[in-house]
Amino acid sequence: MQISITNFKGGQGKTSIALNLALTFDFGIVANETYTVLKNYLDDNHLLITTEAIPESMDDVIYDFGGGITKHMIPVLKKSDIVIIPFLVELADVQVTLEAINSILPLNKNIILVPNKIKEEDPGYVALLDTLKEFGLDHLPLCPIRFSAALPNVFTEGKTVAQMQSVGGLSGFNYRKVSNDFNNLINLIKSMTKGK
């Protein structure tokens with residue numbers, strides 16, 4: 001399975017989601033940015049950093065793509081089983097994300113939108129649903145992830161959100177909702193790639 005995670009704008013949670021999914025599925029990560037925090041957490045057997053052509057023979061991999069679409073990304077985006085587009089629900093982030101969605105749709109229609117760091121009863125999230133409908137993108141699967149300290153802790157702990165939540169105690173209690181959010185994303189990925 002090949003999963004691409006991308007957005008044109010930085011700071012949307014691509015890398016933390018990529019790491020959580022890579023640890024969950026036991027996949028490697030390919031990143032297209034020369035500096036990535038992943039260098040501090042993954043060894044050379046689990047991380048490939050390249051701004052050049054990406055090897056075609058890769059499988060069971062998460063692509064963590066930052067910036068705009070490059071010529072090296074196009075074949076990967078086309079053959080990815082799923083393209084995940086995480087984003088924050090602030091106006092500037094949504095505007096850039098709409099550009100990213102419209103650029104990726106001609107290459108791959110298997111897109112999952114992941115509004116990230118959603119707060120309880122977030123008015124921006126409600127407005128987002130209206131915006132997607134207005135732009136004719138409300139047919140795309142949406143899998144929100146709540147705001148939580150769990151995502152940064154994926155790096156420091158080297159564990160998935162589900163693993164940290166399963167420990168129990170206060171962390172387990174605090175991580176239960178975001179763990180459910182990731183379970184929803186994982187189940188959606190599995191359902192969309194069933195039989196591939």
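**Ground rules.** I number residues from 1 along each chain as its sequence is written, and I leave hydrogens and water out of side-chain values, which use heavy atoms. Since the model is predicted, local features need pLDDT of at least 70 and side-chain atom pairs count only at pLDDT 80 or more, while totals for chains, interfaces and linings use all residues.

**Entry 1: helix H1.** I took helices (H or I, at least four residues) and strands (E, at least two) as DSSP runs, numbered from the N terminus. H1 has 12 residues and spans 16 Å from first C-alpha to last, close to the 16 Å expected at 1.5 Å a residue; the expected span is 1.5 Å times one less than the number of residues.

Is H1 enclosed or open? I found 10 of its 12 residues buried, so H1 is largely enclosed by the rest of the structure. Here buried means under 20% relative accessible area, exposed over 50%, and partly exposed in between (1.4 Å probe, protein chains only). Among the buried ones I noted Lys14, Asn20 and Phe25. Just after H1, aspartate 26 takes a positive phi of about 60°.

**Entry 2: H1 against H7.** A reminder to myself: two packed helices are described by the angle between their axes and the distance between the axes. H1 (residues 14–25) and H7 (residues 169–192) pack at about 65°, with axes 12 Å apart. Axes are lines fitted to C-alpha atoms, for helices over the stretch in contact, and angles run from 0 to 180 degrees between N-to-C directions. That makes H1 roughly perpendicular to H7 (65 to 115 degrees).

Which residues meet? Ile17, Asn20, Leu21, Thr24 and Phe25 of H1 meet Phe182, Leu185, Ile186, Ile189 and Lys190 of H7, with contact meaning heavy atoms within 4.5 Å.

**Entry 3: threonine 36.** I found threonine 36 in the loop between strand S2 (28–31) and S3. At 5% relative accessibility, threonine 36 counts as buried. Beyond its neighbours within four places in sequence, threonine 36 contacts Thr15, Ala31 and Ile49; Thr15 is one of the buried residues of H1.

**Entry 4: positive phi elsewhere.** Aspartate 60, in the loop between S3 (47–49) and S4 (61–66), has phi near 50°, positive in a residue other than glycine. Aspartate 60 is partly exposed at 39% relative accessibility. Lysine 117 sits in strand S6 (residues 111–118), with phi near 60°. Lysine 117 also counts as partly exposed, at 40%.

Methods:
Angles under 35 degrees count as roughly parallel, over 145 as roughly antiparallel, 65 to 115 as roughly perpendicular and the rest as oblique.
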